[in-house]
Amino acid sequence: MGSESEENIPCLVFSRDQLEEGSEEWKKMSKKVREVCENHGCFLFKFDEIPKVLTEDMFKCLQTLFNLPEETKRKYISPTLFSSYASENPRKQPFSQTFGVDEAHLEDSAQAFTNLMWPQGNQAFCETMKSMSSKMLELSILIQKMILEDYGLPKQYTSDFKDMSTSNLRLIKYKVPKSDDKGVENALGPHTDKSNLTIICSNEVQGLQALTKTNKWIPLNIPKDCFAVFVGDLLKAWTNGRIHAATHRVTMSEDKERYSFGLFSLPKDGIKIEVPPELVDDKIHPLRYRPFTYGDYIQYFLSIDRKENTHALDLFAGV
Ligand SMILES: O=C(O)CCC(=O)C(=O)O
Ligand SMILES: [Fe+2]
């Protein structure tokens with residue numbers, strides 16, 4: 001594991017043993033994960049059970065997808081917020097193109113997306129996206145369980161966790177910056193994720209940065225075959241603010257396109273995010289957030305100025 005200093009975001013190496021729920025190895029790793037999330041709100045990990053070739057195939061798929069004609073990509077309109085195809089737009093997102101696919105690990109969702117983009121079919125794309133999403137989703141649920149169990153919460157909170165969660169796979173292409181745009185801070189502006197937890201993977205073009213608790217931007221260079229994890233606002237609220245949701249952004253300074261994909265784990269519609277009484281006490285941990293639903297939070301988020309992005313949770317649900 002990397003150094004615990006603020007300047008250095010740790011890289012955890014997961015193995016199958018450590019992810020065997022309830023085992024001694026699992027308990028040790030859970031403690032590390034919980035501590036890293038409290039201290040940094042993000043971390044890197046490596047896990048050999050996500051095969052290298054799958055990651056490479058996923059990046060090839062992203063290139064093929066974003067190379068489709070603009071009018072084909074525009075056919076993707078999703079009822080989920082921020083998920084319809086969004087092209088580079090000088091006012092909104094000048095540097096990136098994005099898609100969001102709900103439950104991309106499920107056959108029906110993966111096929112529906114693939115068939116819309118390739119009416120003649122593209123089984124390789126469909127299988128790769130499904131397989132990558134299901135591995136990322138499985139890990140995301142395990143990481144969240146590790147955090148909650150390490151707080152000593154009763155099993156009832158984690159046993160039906162999977163059934164209460166849904167997911168959105170975000171696919172992103174960042175364009176090469178013009179020479180005068182290099183190092184632009186807003187390829188993706190500072191934000192916290194409005195998720196429970198996000199797992200991100202990028203091609204070799206770096207640019208992701210995290211804000212430390214002492215307000216310093218540090219690069220989060222993701223080594224090849226590694227992934228980055230960000231705690232989202234919802235899990236921060238759920239743990240009564242004990243874990244930190246790291247603010248992050250993407251800056252582009254290389255002469256190459258950046259591709260990334262991220263699995264956002266979200267609560268299903270209508271699920272209340274409510275701090276368990278076990279995480280509240282009068283002295284050190286008074287209640288910080290009132291109960292709320294993701295839907296209400298997102299509606300609020302849409303109504304506020306973008307500059308408030310990283311304070312949205314406190315403004316909306318802080319007590
Ligand atoms: O592209 C990346 O590396 C980060 C993307 C991100 O932070 C997001 O979509 O919320
Ligand atoms: Fe993010």
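**Charges over rings**

Tutor: Let us begin with Arg249, which lies over the face of Trp217 at 4.0 Å from the ring centre.

Student: What makes Arg249 count as lying over the face of Trp217?

Tutor: A charge sits over a ring if NZ of Lys or CZ of Arg is within 6 Å of the ring centre and within 35 degrees of the ring normal. The 4.0 Å of Arg249 from the ring centre of Trp217 is within that distance limit. By the same rule, the charged end of Arg290 sits over the ring of Phe316, 4.6 Å from its centre.

Student: What kind of model is this, and which pLDDT limits apply?

Tutor: This is a predicted model, in which local features need pLDDT of at least 70 and side-chain atom pairs count only at pLDDT 80 or more, while totals for chains, interfaces and linings use all residues. Side-chain values use heavy atoms, with hydrogens and water left out, residues are numbered from 1 along each chain as its sequence is written, and chains are lettered from A and ligands numbered from 1 in the order in which they are written.

**The iron ion**

Student: How do you know which atoms coordinate the iron ion (ligand 2)?

Tutor: His191 (NE2), Asp193 (OD) and His248 (NE2) coordinate the iron ion (ligand 2) at 2.1 Å, and donors are N, O and S atoms within 2.8 Å of the metal (3.2 Å for Na, K and Ca). The value of 2.1 Å is within the 2.8 Å limit, so these atoms count as donors. Water is not among the atoms, so sites may look incomplete. Along the chain, the donors of the iron ion (ligand 2) follow the spacing H-x1-D-x54-H.

**Aromatic pairs**

Student: How many aromatic pairs are found in the whole structure, and why is that of Phe113 and Phe125 given the name it has?

Tutor: The search of the whole structure finds 18 aromatic pairs. Phe113 and Phe125 form one of them, at 6.0 Å centre to centre and 35 degrees between the planes. Rings of Phe, Tyr and Trp (its six-membered ring) pair if their centres lie within 6.5 Å, and planes under 30 degrees apart count as stacked, over 60 as edge-to-face and the rest as tilted. With 35 degrees falling among the rest, the pair of Phe113 and Phe125 is therefore tilted. Phe113 in helix α4 (residues 107–117) and Phe125 in helix α5 (residues 123–150) are twelve residues apart, and their pair links distant parts of the chain. Phe113 counts as buried because its relative accessibility is 3%, and Phe125 is buried because its relative accessible area is 2%.

Student: What makes the pair of Phe292 and Phe316 stacked, tilted or edge-to-face?

Tutor: Their planes stand at 85 degrees, with 5.6 Å centre to centre, and the pair is edge-to-face. Phe292 in strand β13 (residues 292–293) and Phe316 in helix α9 (residues 312–317) are 24 residues apart, and both are buried. Elsewhere, ring pairs link Phe66, Tyr76, Tyr85, Phe99, Phe113, Trp118, Phe125 and Tyr259 into a cluster.

**Burial and exposure**

Student: How do you know whether Gln111, Phe82 and Asn215 are buried, partly exposed or exposed?

Tutor: Gln111, in helix α4, is buried because its relative accessible area is 19%. Phe82, in the loop between α3 (70–73) and β3 (96–102), has 46% and is therefore partly exposed. Asn215, in the loop between β7 (208–211) and β8 (217–219), counts as exposed because its relative accessibility is 60%. Phi is near 60 degrees for Phe82 and near 65 degrees for Asn215, in each case a positive value in a residue other than glycine.

Methods:
Helices (H or I, at least four residues) and strands (E, at least two) are DSSP runs, numbered from the N terminus. Buried means under 20% relative accessible area, exposed over 50%, partly exposed in between (1.4 Å probe, protein chains only).
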